[in-house]
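Here are a few notes to go with your first look at this one. Have the ligand in view, and then we can turn to a pair of helices.

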Amino acid sequence: MVAYKSKVVERIQLPSRERRERALEQAGYNVFDLAAEDVFIDLLTDSGTGAMSDEQWAALLRGDEAYAGSRSFDELESAVGEVMGFSNVVPTHQGRGAENVLYGTLLEDGDVALNNTHFDTTRAHVANQGADPVDCPVARAHDLTVDGPFKGNFSLDRARSVVDDVGSERVPLVILTVTNNSAAGQPVSVENTRRVREFADEIDATFVIDACRFAENAAFVARREAEFADAEIGEIAREQLGYADALVMSGKKDGLVNAGGFVATDDEALFEKCKQRAILYEGFPTYGGMAGRDVAAMAVGLREAVEEAYVTDRIDQVRAFAAMLEDVGVPIYTPPGGHAVYLDAGATLPHLSPDEFPGQALVCALYREGGVRGVELGSFAFPGTDRPELVRLAVPRRTYHDEHLEHVAETAAAVLETRESIDGLEIASEPAVPELRHFTASLEPISS
Ligand SMILES: *Cc1c(COP(=O)(O)O)cnc(C)c1O
């Protein structure tokens, strides 16, 4: 059921096919280098790309820009308290700022951090402390076609075997990412969260929840975990998050803002340490890395994120989008997660081997055919791993309507028709850091 109507609109247009061809060539077949103006439907990310509500725009005007003791900070503190159940908050410029503040406080050289799956920036921040990020997804997380209610769960078996190998003293931190962004946005059950809490207690580790998509996760729990069939989204969110010692949050996801983030904790000693580090890297702890007005808008956004009508519309839109793509025969990761649909590029372009980057070839074909921008998450983004060849089509919050998504499905259908003629790609130039090559490398078609 639709939960809102438009009040402000932004013009978009599909550039001509010639212009798309030229733009793609000029961008070195890397869609990160396209001008947004040349993109018709932009599904590059759901991070900070959503629409704010009228209440959030109103809150912007009321924002308090005081350096210390801002009223907007008080509003954020009460929103985090009521929606997420934590009493102390340190605002940061975005999620990775929160990761720097918290993980810089909790980790030292030689430590090991366990996570259902480390998101890219999480992995980088753990590594930046000299610690080793180890993923513990469940076995079916990277199986594209097996059904399952909570494929995002944390595998306690894997975690225990890591602890048996390295010793519990080396594992001071256990992280649970909800939803599991790097495993196709799959949800995590509350029951699994309880087990992770017990495990962290057993090994005397701090338990952090990466809460970026906590509201979407709660909506899946309401539908799929029998114990919560009658519970409200807000109750589920507080129950699940309440098992953690601390949260890291990117406001650009379920904070429903374009920029912002925070750390939250009830642990006073940890809070003090985070505040000190935040002053160094972010700003005074009542504004952190954010303008007061943005803090005010995020406080409103957090409350809207757990409204039943909003979050139901959100995950139903992604599910409907997945169904449109399946209807035209596009192979996708199933079941769809909360924020994106993942196309199986390996199955779509079986004539291309991993070193011909089938995912990136599909990304380019979608842009060339219909001005649609997605992102490759396969051999190009993750060199040297045996990940499946995926293309993510992320859905910005409250931004696109069915007609937009139907255009994407029609574009994908047209690409399927001519798939044998789609060439692979090779790298023409790449940056020094291989982990970041997909942002800036340029490619060229392998002429057959
Ligand atoms: C986006 C994201 C982050 C980082 O947040 P930014 O606001 O982009 O810095 C961390 N963890 C997860 C799971 C995310 O999705």
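1. One term before we start: a polar contact here is a pair of N or O atoms within 3.5 Å. Keep in mind, too, that this is a predicted model.

2. Start with what sits around the ligand. The shell has 14 residues, and the closest are Gly 95, Arg 96, Asp 210, Ser 250 and Lys 253. By type, that shell splits into 6 charged, 6 polar and 2 nonpolar residues.

3. Which helix gives the most to the shell around the ligand? That's helix H4, residues 95-106, which supplies 3 residues.

4. Now for the individual contacts. The backbone of Gly 95 has a polar atom 2.8 Å from an oxygen atom of the ligand. Ser 250 uses its side chain instead: an N or O atom there is 2.7 Å from a ligand oxygen.

5. How much of the ligand's accessible area does the protein cover? On its own the ligand has 380 Å² of it, and the protein covers 97% of that.

6. Last, have a look at helices H7 (residues 190-202) and H9 (residues 233-241). Their axes come within 9 Å and cross at roughly 20 degrees. Angles under 35 degrees count as roughly parallel, so H7 is roughly parallel to H9. As for handedness, the H7 and H9 crossing is left-handed.

Technical notes:
Residues are numbered from 1 along each chain as its sequence is written. This is a predicted model: local features need pLDDT of at least 70, side-chain atom pairs count only at pLDDT 80 or more; totals for chains, interfaces and linings use all residues. Side-chain values use heavy atoms; hydrogens and water are left out. A residue is near a molecule or strand if one of its heavy atoms lies within 4 Å of it. A polar contact is a pair of N or O atoms within 3.5 Å; within protein, one must be able to donate a hydrogen and the other to accept it, and residues adjacent in sequence count only if both atoms are side-chain atoms. Accessible areas come from the Shrake-Rupley method with a 1.4 Å probe; for residues, only the protein chains shown count as cover. Helices (H or I, at least four residues) and strands (E, at least two) are DSSP runs, numbered from the N terminus. Ala, Val, Leu, Ile, Met, Phe, Trp, Tyr, Cys and Pro count as nonpolar, Asp, Glu, Lys and Arg as charged, and the others, Gly among them, as polar. Axes are lines fitted to C-alpha atoms, for helices over the stretch in contact, and angles run from 0 to 180 degrees between N-to-C directions. Angles under 35 degrees count as roughly parallel, over 145 as roughly antiparallel, 65 to 115 as roughly perpendicular and the rest as oblique. A crossing is left-handed if the near helix is turned anticlockwise from the far one by less than a right angle, and right-handed if clockwise.
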